[in-house]
Amino acid sequence: MSGTTPADVVCLGESMVTFLPSRPGRLADVPSFDRGIGGAESNVACALAAAGHRTAWVSRVGADGFGDHLVEAVAAYGVDTSSVRRDPSRPTGIYFRTATDRATDVHEVAYYRAGSAASAMSPATLPCDALPSGRILHLSGITAALSADCLALLHELTAPRAGRPLISFDVNHRPGLWRGESPAVLLELARRADVVFVGEDEAEEAWGVVGAAAIREALPEPGVVVVKRGADGVTVFSHEPGPRASNAAGADEVTHVPALRVDVVAPVGAGDAFAAGFLSATLRGLPVRTRARHGHLLAAAVLTVPGDLTAPPAREHADRLAALDDDAWGRLRLGPGWTGDDTEVRTP
């Protein structure tokens, strides 16, 4: 993507080098780790680029080998990394995690990101007018938790202004990252966005809001609110066309899309992949139900591989699956290798 060609999606946020366990178990017991990359926003950028969209990733990394690896790995997916800045005095963040599901009590993550280069992102280091232009700007609540400067940057990026792109915001509440500032600020940021992704569990934990309908009541402004309900799928509240529409009572279209049955290899990265699939279908102008199905399909692609990223199914293959009738969609079961498999439907 050239520097003068607008991106379809610009993703801003911290990415880190991640060390993946060579076997299940406690961090204390795992003998070795494989190096990868991890970052909610760069995951979305990579998935969208792999799906054929023009994407850019904006961030800061250290002037170190881990920073080199991050930039090279993200760029290898076809993402424009020309707006990633190098910080000579702060390191690139790294983290280690166990192989278990993030939602379980035995899951462990050890972050080494305090004082990282990305935590120095601010309106001064990344002014709005210096960001690449794009149809969509994708952000997440993780950035807001990194530092007061990062929070100030998100406030500036989500503020109403002439020419503002469509703001996509994944709440991504990470309790372990919050120190001092209440995660209630995530509610304020979400209300300033146009498309919001939020899990029922994180809305309850962060805001004390229970249930999809109550979440929508807490977020009346965004044109689209995607409530992720785990194994129950997603409920999408939308009042379109156009962003920032006024939400009158009863004006929403409410769309429920069941989750797919997936033979899970590793339960990481699915949320980012879902956002990428939903945004990809949004860029294509597809109906809300189809957007959610594409989100489920990209999530299934990631769930059936060990890491946070993988090649998505070919667009034609995904389009065929997304167009299945409700009965066939409900019978669909996807396992490792399904993205290259055109047999489409497996039944248990």
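The second largest pocket of this predicted model has a volume of about 280 Å³. A pocket here is an open set of points on a 1 Å grid over the protein atoms alone, where a 1.4 Å probe fits and protein lies on both sides within 12 Å along at least five of seven lines; lining residues have an atom within 4 Å of a point. Grid points are joined across faces, edges and corners, and the volume is the space filled by probe spheres set on the points. The lining consists of 17 residues, and A145, L146, S147, L177 and R179 lie nearest the centre of the pocket. Helices α3 (141–146) and α4 each supply at least two residues of this lining, and α3 gives the most, with 3 residues. Helices (H or I, at least four residues) and strands (E, at least two) are DSSP runs, numbered from the N terminus.

Residues are numbered from 1 along each chain as its sequence is written. Local features need pLDDT of at least 70 and side-chain atom pairs count only at pLDDT 80 or more, while totals for chains, interfaces and linings use all residues; side-chain values use heavy atoms, with hydrogens and water left out.

Helix α4 (residues 148–158) also lies across β1 (7–12), β9 (134–140) and β10 (166–170), at about 150° to β9. Axes are lines fitted to C-alpha atoms, for helices over the stretch in contact, and angles run from 0 to 180 degrees between N-to-C directions. Contact means heavy atoms within 4.5 Å.

These strands belong to an open sheet of 8 strands with mixed pairing, in the order β4-β1-β9-β10-β11-β12-β13-β14. Its edge strands, β4 (55–58) and β14 (253–257), each pair on one side only. The twist from one strand to the next averages 15°. Two strands pair if DSSP finds at least two bridges between them. Within this sheet, V196 stands opposite V225 in β12.

A second open sheet has 4 strands in the order β3-β2-β7-β8, again with mixed pairing. The edge strands β3 and β8 (109–112) each pair on one side only. Neighbouring strands are turned by 20° against each other on average, direction ignored. Helix α2 (residues 65–75) packs on this sheet, touching β2, β3 and β7, and its direction makes about 65° with that of β3.

| Pair | Sense | Bridges |
|---|---|---|
| β11 (residues 195–199) and β12 (residues 224–228) | parallel | 5 bridges |
| β2 and β3 | antiparallel | 6 bridges |
| β2 and β7 (residues 94–97) | parallel | 3 bridges |
| β7 and β8 | antiparallel | 4 bridges |

F96 in turn has A110 as its bridge partner in β8. M16, T18 and L20 point one way from β2, whereas V17, F19 and P21 point the other way, and all are buried. Buried means under 20% relative accessible area, exposed over 50%, and partly exposed in between (1.4 Å probe, protein chains only).

S32 sits in the loop between β2 (16–21) and β3 (33–38). S32 is partly exposed, with a relative accessible area of 35%. Residues up to four places away in sequence aside, S32 touches L20, P21 and S22. S32 and D80 are 48 residues apart in sequence and 32 Å apart in space, C-alpha to C-alpha.

Helix α8 (residues 270–283) has 14 residues, and at 1.5 Å a residue it should span 20 Å, which agrees with the 20 Å between its end C-alpha atoms. The expected span is 1.5 Å times one less than the number of residues. Since 13 of the 14 residues of α8 are buried, α8 is largely enclosed by the rest of the structure. Just after α8, G285 takes a positive phi of about 70°.
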